[in-house]
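Let's walk through this structure together, from the overall fold down to a few individual residues. Please have the model open as you read.

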Amino acid sequence: MSAFLFCFAAWLAMALGMDKHHEDALGHEAAAARLRTLRRVGWVLLLVSLWLATRTPPGVPASIGVTVWAAALSVAAVAATAAVTWLPQRAPPLGAASLAAGLLAYISGF
């Protein structure tokens with residue numbers, strides 16, 4: 001679950017790192033450095049989500065985690081695309097909430 005939430009936050013960060021989506025969501029243009037930072041944060045969150053997905057219980061191969069991560073990656077990409085297309089002003093709070101929920105899910109072991 002936490003891997004999916006991190007994937008969703010990552011895709012939203014990467015989408016908000018694009019000129020058009022950033023302007024639609026926040027109502028103003030962003031500096032190039034801010035857009036670059038959002039894209040980098042997105043990549044870091046994707047790597048964290050992969051790490052979370054491959055942390056499997058003893059006796060379960062890591063390949064199962066990678067398969068689950070690929071599915072979470074795909075579903076999260078569709079959900080993030082829908083969010084920035086239909087609810088662009090809610091994309092930043094959705095990303096923050098997803099990241100917070102992912103951290104909470106990781107801490108609680110879910």
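Helices (H or I, at least four residues) and strands (E, at least two) are DSSP runs, numbered from the N terminus. What you see is a predicted model, in which local features need pLDDT of at least 70 and side-chain atom pairs count only at pLDDT 80 or more, while totals for chains, interfaces and linings use all residues. Residues are numbered from 1 along each chain as its sequence is written, and side-chain values use heavy atoms, with hydrogens and water left out.

Let's begin with the fold. The protein chain holds five helices and zero strands, and from the N terminus on its elements run α-α-α-α-α. Its radius of gyration is 14 Å, close to the 13 Å that the globule rule gives for 110 residues, so the chain is as compact as a globular protein of that length. Here the radius is taken over C-alpha atoms, and the rule is 2.2 Å times the number of residues to the power 0.38. Along its principal axes, the C-alpha trace spans about 50 × 25 × 25 Å.

Now for the surface and the interior. Of the 110 residues, 35% count as buried; buried means under 20% relative accessible area, exposed over 50%, and partly exposed in between (1.4 Å probe, protein chains only). The accessible surface of the protein chain comes to about 6,500 Å², with 71% of it belonging to carbon and sulfur atoms. These areas come from the Shrake-Rupley method with a 1.4 Å probe, and for residues only the protein chains shown count as cover. As for contacts, meaning heavy atoms within 4.5 Å, take those between residues at least 6 apart in sequence: 71% of them join residues at least 24 apart.

With 23 residues (32-54) at 1.5 Å a residue, H3 should span 33 Å, and its end C-alpha atoms are 34 Å apart, which agrees. The expected span is 1.5 Å times one less than the number of residues. Which residues of H3 are buried? They are Leu 35, Gly 42, Leu 45, Leu 46, Ser 49, Leu 52 and Ala 53. What covers them includes helix H1 (2-16), helix H2 (19-26), helix H4 (62-86) and helix H5 (91-108). An α-helix has 3.6 residues a turn, so residues three or four places apart point the same way.

Next, follow the chain to Ser 2, which sits in helix H1. Ser 2 is buried, with a relative accessible area of 8%. Not counting residues up to four places away in sequence, Ser 2 touches Leu 52, Gly 102, Ala 105, Tyr 106 and Phe 110. Leaving out residues up to four places away in sequence, Ala 105 touches Ser 2 and Phe 110. Ala 105 and Leu 5 are 100 residues apart in sequence, yet 8.9 Å apart in space, C-alpha to C-alpha.

Helix H1 also contains Ala 15. Is Ala 15 buried or exposed? Ala 15 is buried, with a relative accessible area of 11%. Beyond residues up to four places away in sequence, Ala 15 touches His 21, His 22 and Val 84.

Finally, turn to Ser 63 in helix H4. Ser 63 is partly exposed, with a relative accessible area of 45%. The C-alpha atoms of Ser 63 and Ala 77, 14 residues apart along the chain, are separated by 21 Å.
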